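Subject: Structure handover

Hello,

Please find the structure below. My notes on it follow.

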Amino acid sequence: MISFTVLAITFGVVFLAELPDKTALAGLMLGTRYRASYVFAGVAAAFAVHVALAIAAGSVLTLLPQRLVQAVVGVLFLAGALVLLLRKHDDDGENIKAPADQSFWKVSGAGFMLILVAEFGDLTQIMTANLAARYDDPVSVGLGAVLALWAVAGIGILGGRTLMKYVPLKLITKVAAGLMFALAGFSLYEAITG
């Protein structure tokens with residue numbers, strides 16, 4: 001059974017954390033050079049792999065004592081919030097090695113490899129594992145995380161520059177960090193009082 005509350009929380013946290021990330025800018029760069037649907041197919045597949053790995057890691061955490069898991073999850077959310085607030089953002093994107101032709105397999109393969117490498121161990125992957133451990137609902141968390149990452153990829157590929165003209169990157173980052181601070185506080189409270 002899917003919990004729409006857990007799905008919505010996961011979607012919001014992962015979406016806001018991923019939006020200012022370098023991979024959104026990388027998707028934007030690929031999307032301006034190549035057919036958007038080809039780029040999205042590769043990027044979406046890579047994000048699905050990352051979410052599956054994060055859910056597996058989070059599911060392993062549920063085997064540990066609940067108070068310990070809540071404490072670890074709380075500390076990791078706190079660390080994630082601090083990373084968002086303290087990291088420097090480079091607005092020039094990444095150097096993307098472009099595929100030599102416009103075929104589906106070359107373009108989607110380039111998008112897949114770029115995201116697969118750039119996102120491994122990324123903050124949103126760690127957050128997804130934390131949410132999977134926190135809520136013990138891998139389907140709802142996985143679906144929320146995948147939809148959030150796909151939404152960010154779509155925005156990045158189709159119109160990231162336009163969005164950034166209207167919504168400052170600093171505001172997006174602060175909102176995401178605020179949500180993570182709240183989740184950290186709630187998890188640590190449960191660890192102490194549980």
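**Aromatic rings**

F104 is partly exposed, at a relative accessible area of 31% (buried means under 20%, exposed over 50% and partly exposed in between, with a 1.4 Å probe and protein chains only). This is a predicted model, in which local features need pLDDT of at least 70 and side-chain atom pairs count only at pLDDT 80 or more, while totals for chains, interfaces and linings use all residues. Residues are numbered from 1 along each chain as its sequence is written, and side-chain values use heavy atoms, with hydrogens and water left out.

W105 is exposed, with a relative accessible area of 70%. Rings of Phe, Tyr and Trp (its six-membered ring) pair if their centres lie within 6.5 Å; planes under 30 degrees apart count as stacked, over 60 as edge-to-face and the rest as tilted. By this rule there are three aromatic pairs. One of them, F11 with F15, is stacked, at 5.5 Å centre to centre and 15 degrees between the planes. Both F11 and F15 belong to helix α1, four residues apart, about one turn of the helix (helices are DSSP runs of H or I, at least four residues, numbered from the N terminus). F11 is partly exposed at 28% relative accessibility, whereas F15 is buried at 17%. F104 and W105 make an edge-to-face pair, with 4.9 Å between centres and 80 degrees between the planes. Ring pairs also link Y38 with F104 and W105 in a cluster.

E18 is in helix α1, which covers residues 4-18. E18 counts as buried because its relative accessible area is 0%. Its side chain makes a polar contact with the side chain of T124, at 3.0 Å (a pair of N or O atoms within 3.5 Å; within protein, one must be able to donate a hydrogen and the other to accept it, and residues adjacent in sequence count only if both atoms are side-chain atoms).

**Helix α7**

V139 lies in helix α7 and counts as exposed, since its relative accessibility is 52%. G156 is in helix α7 too, but G156 is buried, at 4%. Between G156 and P20 there are 9.9 Å in space, C-alpha to C-alpha, although they are 136 residues apart in sequence.

**A charge over a ring**

R134 lies over the face of Y135, 5.1 Å from the ring centre (NZ of Lys or CZ of Arg within 6 Å of the ring centre and within 35 degrees of the ring normal).

Regards

Key: Helix = DSSP H or I, 4+ residues; strand = E, 2+ residues; numbered from the N terminus.
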